[in-house]
Amino acid sequence: MISFQNVSVRYPLGNIALDSVSFDVEDQEFIYLVGPSGAGKTTILRLLLNDIQLTEGSILIEDMEITPKKFKQVAELRQRIGVVFQDFKILPDDNVYENVALSMRIKGFNEGETKKQVEEALELTGIADKMYQFPSQLSAGELQRVAIARAVVGDRKIILADEPTGNLDPKTTWEVMKIFKELEKTKTILFATHNTDIVNSMKRRVIILKNGKLVKDKKKGGYEL
Ligand SMILES: Nc1ncnc2c1ncn2[C@@H]1O[C@H](COP(=O)(O)OP(=O)(O)OP(=O)(O)O)[C@@H](O)[C@H]1O
Ligand SMILES: [Mg+2]
């Protein structure tokens, strides 16, 4: 369960990135965050990672509460959340296995459990055969599959995706969406996108933002520019 309660983000020079935004997310819910550039989509995702601080309101993530006061459970918070970016952010000098295993190593999982989860995640994203290849040997679609595998390992329950298909061609985009469809069975997913084709074809709850305000919260799907 994630809950945003009257969350505002104001930057020192007066820029308002979020303006009293409230919404609740159930476990294993899939939500699209849409809206024009600058609407506040990335801001919502970064707040959940405690990458930026809120100025007002509160955010509840399971049993953790983020308020404008200092939040101390940052490591614990980030251990529960996997992130997928538009530009993949894969480490170029590490092979696929190492890229996906890294967060589990940092978290202190043993090698046996790490190997098991990495293999399962690569199976799920369809690139188990690329396990020992290096990023320079992979296509954009394959790199994004590595990033998704990396986001799920380590028992993460929440996946944040910021424009994850932004650098992919249409065919690869649909392949990646198939993976998200699989993931939503077990994970809570917040998916920021400009791709109206995706939103209109895979109908899920849509939160529409504009100038930092939540202007619409549609239970099932559909979005026009
Ligand atoms: N460091 C910052 N200082 C001041 N304003 C900022 C800063 N970072 C973001 N903003 C502002 O916050 C607002 C929301 O930005 P955000 O990145 O959340 O938009 P977005 O919906 O993700 O847009 P896009 O679709 O282009 O990715 C924008 O008006 C942006 O200019
Ligand atoms: Mg953004």
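Ala, Val, Leu, Ile, Met, Phe, Trp, Tyr, Cys and Pro are counted here as nonpolar, Asp, Glu, Lys and Arg as charged, and the others, Gly among them, as polar. Under this scheme, the shell around ligand 1 in the predicted model comprises four nonpolar, seven polar and one charged residues. The residues in question are Tyr11, Asn15, Ala17, Pro36, Ser37, Gly38, Ala39, Gly40, Lys41, Thr42, Thr43 and His194. Helix α1, which spans residues 41-48, supplies the largest share of this shell, with three residues.

Polar contacts to ligand 1 involve both side-chain and backbone atoms. A polar side-chain atom of threonine 43 is placed 2.5 Å from an oxygen atom of ligand 1. For alanine 39, a backbone N or O atom lies at 3.2 Å from an oxygen atom of the ligand. At tyrosine 11, a polar side-chain atom is found 3.4 Å from a nitrogen atom of ligand 1. The protein buries 62% of the 640 Å² that ligand 1 exposes when taken alone.

The protein as a whole contains seven helices and ten strands. Its radius of gyration is 17 Å, close to the 17 Å given by the globule rule for 225 residues, so the protein is as compact as a globular protein of that length. Along the principal axes, the C-alpha atoms fill a box of roughly 45 × 40 × 30 Å.

Of the 225 residues, 51% count as buried. The accessible surface amounts to about 10,900 Å², and carbon and sulfur atoms account for 50% of this area. Among contacts with a separation of 6 or more, 65% join residues 24 or more positions apart.

How values were computed. Residues numbered from 1 in each chain as written. Chains lettered and ligands numbered in written order. Predicted model: local features only at pLDDT ≥ 70, side-chain atom pairs only at ≥ 80, totals over all residues. Heavy atoms only, no water. Near = heavy atom within 4 Å. Polar contact = N/O pair within 3.5 Å; in protein donor to acceptor, adjacent residues only side chain to side chain. Areas by Shrake-Rupley, 256 points an atom, 1.4 Å probe, with all protein chains shown as cover. Helix = DSSP H or I, 4+ residues; strand = E, 2+ residues; numbered from the N terminus. Rg over C-alpha atoms; globule rule 2.2 N^0.38 Å. Buried < 20%, exposed > 50% of the residue type's maximum accessible area, 1.4 Å probe, protein only. Contact = heavy atoms within 4.5 Å.
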